[in-house]
Amino acid sequence: MLKDLFNKKKNYGTVKKINIESDIKPNIPSGMWTKCDGCHSIIYHEDLVKNKYVCTNCNHHFRLKAHDRVKLFFDDNSFEEFDKDLSTRNPLDFEGYQKKLEDAKKRTKSREAVVTGTGLVNGIRVCAGIMDSFFMMGSMGTVVGEKLTRMIEFAIKHKLPVIIFTTSGGARMQEGIFSLMQMAKVSAALAKHSEEGLLYITVLTDPTTGGITASFAMEGDVILSEPNALIGFAGRRVIENTIKETLPDDFQKAEFLLDKGFVDKIVNREELRTCVYKILRLHEVNRYE
């Protein structure tokens, strides 16, 4: 029948099935690319490093470890660290605290959430404290307060300006009242520094919150900030629940604080060294001989 003519099928050839989900994956070395938290673009890591860890697309300033900031800000090989081996104990026998400390030490290659010392800024000698948000979120414990206080006392003795780069989640809860005492301790040292007529500059970086903001972060003679840094005391939700109002979208951002007079100037990381140097010269701080 006619239908049989069309039912006869011929095998003209075979098509091999290809598995497109191959087990072979491209070999991309770990750490070659970095995703920006601001614009979510993928950045070649070497380009990011060359640009001082600032996004080449949206100007987002990545958070820095303390030792990375030292390398970027001070004259080459000029930084001399204080109290490098000073580390905290567990004053309240807080469960799990010691392990957190050890993990943070391995992750940051620092013994605490602040690095202190002296360094040169275009030949001008300064005392500096550089906080590290990668070490337990930059929380302020007894050693953080002690290292900053010793650094300020050195500055008083040698008549040097002080620069503190702040970044912190606030007081360290594992140390309780011992942590909160550091706010007054550092502030008292800075008061003596001020009485000597010496210059204190703070550089606020993301994030600067809690007890740090309530004390030495906002006590600078000149207060600078990196762009879009989170700066505040209590959390946004806590404030909104307290005052029963919705806060502006840019609330607690550096630009908002600049508009309200809490920050003197917002400075891009690329321009920070030059800006600080100009402030030092304006205040007649001489070059180190």
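**Cysteines, then a helix pair**

Mentor: The count of disulfides is zero, where a disulfide is a pair of cysteine sulfur atoms within 2.5 Å. In general, such a link is a covalent bond between the sulfur atoms of two cysteines. The model is predicted, so local features need pLDDT of at least 70 and side-chain atom pairs count only at pLDDT 80 or more, while totals for chains, interfaces and linings use all residues. Residues are numbered from 1 along each chain as its sequence is written, and side-chain values use heavy atoms, leaving out hydrogens and water.

For C55, the closest cysteine sulfur is that of C36, at 3.6 Å, which is too far for a bond. For C58, the closest cysteine sulfur also lies in C36, at 3.6 Å, again too far for a bond. C55 is buried, with a relative accessible area of 3%, whereas C58 is partly exposed at 35%. Here buried means under 20% relative accessible area, exposed over 50%, and partly exposed in between, using a 1.4 Å probe and protein chains only.

The protein chain has nine helices and nine strands; helices (H or I, at least four residues) and strands (E, at least two) are DSSP runs numbered from the N terminus. Of its 289 residues, 45% count as buried.

Now consider two of these helices. The axes of α5 (residues 142-157) and α6 (residues 176-195) come within 9 Å and cross at roughly 10°. Axes are lines fitted to C-alpha atoms, for helices over the stretch in contact, and angles run from 0 to 180 degrees between N-to-C directions. Contact, meaning heavy atoms within 4.5 Å, is made by residues including L148 and I152 of α5 and V186 and L190 of α6. By class, this contact has eight nonpolar, five polar and three charged residues. Ala, Val, Leu, Ile, Met, Phe, Trp, Tyr, Cys and Pro count as nonpolar, Asp, Glu, Lys and Arg as charged, and the others, Gly among them, as polar.

Q182 belongs to α6 and is buried, at 5% relative accessibility. Its side chain reaches the backbone oxygen of F178 at 2.8 Å. Apart from neighbours within four places in sequence, Q182 is in contact with M140, G141, T142, G145 and E146.

How values were computed
A polar contact is a pair of N or O atoms within 3.5 Å; within protein, one must be able to donate a hydrogen and the other to accept it, and residues adjacent in sequence count only if both atoms are side-chain atoms.
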